[in-house]
Each structure stands twice: as C-alpha cells, then as structure tokens.
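Hi,

Here is the structure I said I would pass on. Have a look at it first, and then read my notes below.

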Amino acid sequence: MSAAQQLPDILSPEFAADPYPAYAVMREEKPLIWHEATKSYIISRYEDVERVFKDKQSQFTTDNYDWQLEPVHGKTILQLSGREHAVRRALVAPAFRGSDLQEKFLPVIERNSRELIDAFRHSGSANIVGDYATRFPVNVIADMLGLDKADHARFHGWYTAVIAFLGNLSGDPEVTAAGERTRVEFAEYMIPIIRERRDSLGDDLLSTLCAAEVDGVRMSDEDIKAFCSLLLAAGGETTDKAIASILANLLVNPDQLAAVREDRSLIPAAFAETLRYTPPVHMIMRQSATEVELTGGTVPAGATVTCLIGAANRDQQRYREPDRFDIFRDDLTTTSAFSAAADHLAFALGRHFCVGALLAKAEVEVGVNQLLDAMPDLRLADGFDPVEQGVFTRGPKALPVNFTPSAA
Ligand code: HEM
C-alpha cells in the first residue's frame, strides 16, 4: 500500500493525535485533495497556501465565514472586502500597534500577567495552560474593551464555544447548538453595555467603536457586538495556544530555554519559530471566486479551499529540517514575522493578515519575561511530556511545571 493510500482522514482520531506525518504525505504526494466530508479542497504546500492567502489575482473570497462564523458572531470584518473592509479594520488597528499599544495597553498587559503569576509563584508548581495561558490574553482583551473583570470566566467559555463552532469540521450538532447559544448569551450580555457606553464614553476600545463613524454613519449595536465577539475569540484562543506552545517548545529544548533565559532579546525569535513550528491556527478556509490552478490540479469556481497552515509551515521546500524547533534558524525572519511581510503563515497573509499580531507579540514578550523572572529554575513536572490537542486550533493540553517558590 502506498503512503498516499494510508493517509489518515483529517477527521480521524489518528490525525488529531499527530497530524504532522499526514501533513508530510499530503505535501509530497497529494498536494490537492478533495475532502468529501468537509466538501472542500485541502492544500498543504507552502507555495499554494501563501498564494491563496496573498490572492494577488483576486481569485478567492472569505465568504466561507458566512457559514463558519456569522451564525455565532454576526457579520464581522473577516467577511468584508475592499474599502468596507479597510475602513472597519482601521477602527481597531491603531489600538494594536504603535503608541496606543506601547503607552495605553502595555501596562494592562503587564498587570494582567503579573496578577496571574502572583497567584501561583509561591506554590512551587503550576499548570501553565490552566493557570495562565487560558486566562491571560482573554483578560487583556476584556480590559482593553473596558469590560468587567468579574465576567472574565464567562468570556473564556464563550470564545471556546465560538472556536469550536468555527472548527466543527464534522458538523457535531452539540457544538452547533453551543455556538448558537453563545450568540444569544453574548448579545444579552453585550448590547446593554454598548448602550450604556454610548452615553458615557471612556478611554477604552469599546468606546472607540461606539464613537466611530463609518462613512458618516455610526456602527450599529449589533455591528459593535459582533466586533467584540470576534476580538474575544480571535485574540483569546490563538494567543492562549501561542503562549502555552512557546513554553512547551522551550521546556522540551532546555538548551534553547537557557539561551532565552540568558538573553531575553531572543523571545521574538522563539515566538516566530513557535508560530512556524506549532501554529495556534492549523487551518483557514477560503472560497474560490473563479476556477484556479493549484499544484496537483484545478479547483472549480465556488469551491471551499482548506489551507493547512500547520502543513505549509513545515514544508521542506521552504525550511531546512522543518520538523526541528530551532530558534536560531536562518530561514525564518524574526523582524518581519509579525507583519504582513512574514515568511511563515501562522497569521495568514494578504488583506486579512492578523490585525492583532503585534498585540500577540507584546503579550508573549511580557508573559515569557515575567514567567522566567518568577520561576528562574522552571522545569516540566517530573516525567511529563507535553501532548498537543486540537485539529483546527492546536496547542498543549496541559503544561504542569515545577520551580522554586518565589515572593512577589
Ligand atoms: C498568536 C496569536 C494569533 C494568531 C496565530 C492569529 C491568527 C490569525 C489568522 C490566521 C488570521 C487570518 C484569518 C483569515 O485570513 O481568514 C487572523 C485574523 C485576525 N485576527 Fe488574529 N491571531 C492571533 C492573535 C490575535 C489577537 C491578539 C487579536 C486581537 C484581539 C487578533 C484579532 C484578529 C482579527 C480582528 C482578525 C481579522 C482581520 C481581518 O479580517 O482583516 N488576533 N488572526
């Protein structure tokens, strides 16, 4: 039997346990696969995924989000194109870069990270996933929006349900129902807050959205609610997986952890390599607007294309020894890794390139610095080997660590 015939289905438990061997076979032998269950064409080579994301010839749309996300968020910028997209994106972009990020939101990031670390630094043990990573980024976004800290646990539940809906490749009806419940609950929570905020604008991101005018027209309550829902999901789940993954990758490579501990200016390189090696989002879909030639065949107009970021980021045509985590590799550029000129695909590329990439970088830099300061001898709990979980988004299931307790 050839390797291609042995290829596990992307919905199989075998694939979920370890997709990387399957990704290698796809790249080499089946770069274009028609996948009946998801009714989509799967692509896995770097050059194909890069081409679809950059979309220089306007051959693809993001209409897939009409069914992948609109039922839970409402309509968001992910579905928009052209001027409408650019105008909406420009409303939030300044908060996630430059002086707003450095002066206004960096203190928020530092405080949220410190509060979580202070809760376990005296104890000598922690689970980096449950005690830190799943809480830190969502707390930051909630604070940026000026939402109540007491509700942070609910935000985590909501964004988990949203991401499960987005990645519900097998069409599990319980996941669909939980996503639809989340839409109702989030609207019930958010709409009254938006109405109040309109009457007493503050210095937060929600106030910016409430005051914003698009072509002389204020955004509706429903539009703002959808934007907030997207920010919580896009900024929560992804960065949570990224922080857990950078620590897992460093902990299983103690020489590289020691190098980062010694020279903290290596954190961006370690983060860029983490995004390549273990991207938080393993797949992103697109809809073909015309018939398109890709490696391995033709995709008809109107089809869904599943772009496997996790496979493309380990393409041996693009990276030397792609299955090795190496923060010193010279075929990945750290300086452009958090911009649309990136030479990895974890934030996508082109028009919808992640608007929160620099915010994610700031969170990871602050987080890793503070964790290493609080736990100078940080190590994995005895005998623990990190295991990843997830097919659409993916990251360590748990990350129990031990360290010498420290005072705040
Ligand atoms: C390591 C962390 C992150 C990863 C891996 C990530 C990944 C991505 C990807 C792959 C896309 C493109 C989706 C597409 O093209 O269909 C995207 C878009 C987006 N991301 Fe991120 N993201 C991260 C952090 C964040 C943060 C912190 C925020 C802010 C709260 C954010 C907000 C957004 C938004 C609003 C979009 C839509 C942009 C548009 O349509 O123009 N992301 N992200």
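To get you started: which residue in S14 does Ser-125 stand opposite? Keep in mind while you look that this is a predicted model. The residue facing Ser-125 is Asn-402.

S4 and strand S14 (residues 400-402) run antiparallel to each other and are joined over three bridges. They are part of an open sheet of three strands, in the order S4-S14-S11, with antiparallel pairing. Strand S4 (125-127) and strand S11 (379-380) are at the edges with a single partner strand each, so one side of each has no neighbour in the sheet. As background, strands of a sheet pair through backbone hydrogen bonds, either parallel or antiparallel.

Now for the helices, starting with H15.

H15 and H17 pack at an angle of about 120°, and their axes are 10 Å apart. The two are therefore oblique to each other, and H15 passes H17 in a right-handed crossing. On the H15 side, the contact is made by Ile-267, Pro-268 and Phe-271, while H17 brings in Ala-360, Lys-361, Val-364, Glu-365, Val-368 and Asn-369. Sorted by class, this contact of H15 with H17 has six nonpolar, one polar and two charged residues.

H17 also packs with helix H9 (residues 136-145), at an angle of about 125° and with the axes 11 Å apart. H9 and H17 are therefore oblique to each other, and their crossing is right-handed. Here the contact is made by Phe-136, Pro-137, Val-140, Ile-141 and Met-144 of H9, together with Leu-359, Glu-363 and Gly-367 of H17. By class, the contact of H9 with H17 has six nonpolar, one polar and one charged residues.

Cheers

How values were computed
Residues are numbered from 1 along each chain as its sequence is written. This is a predicted model: local features need pLDDT of at least 70, side-chain atom pairs count only at pLDDT 80 or more; totals for chains, interfaces and linings use all residues. Side-chain values use heavy atoms; hydrogens and water are left out. Two strands pair if DSSP finds at least two bridges between them. Helices (H or I, at least four residues) and strands (E, at least two) are DSSP runs, numbered from the N terminus. Axes are lines fitted to C-alpha atoms, for helices over the stretch in contact, and angles run from 0 to 180 degrees between N-to-C directions. Angles under 35 degrees count as roughly parallel, over 145 as roughly antiparallel, 65 to 115 as roughly perpendicular and the rest as oblique. A crossing is left-handed if the near helix is turned anticlockwise from the far one by less than a right angle, and right-handed if clockwise. Contact means heavy atoms within 4.5 Å. Ala, Val, Leu, Ile, Met, Phe, Trp, Tyr, Cys and Pro count as nonpolar, Asp, Glu, Lys and Arg as charged, and the others, Gly among them, as polar.
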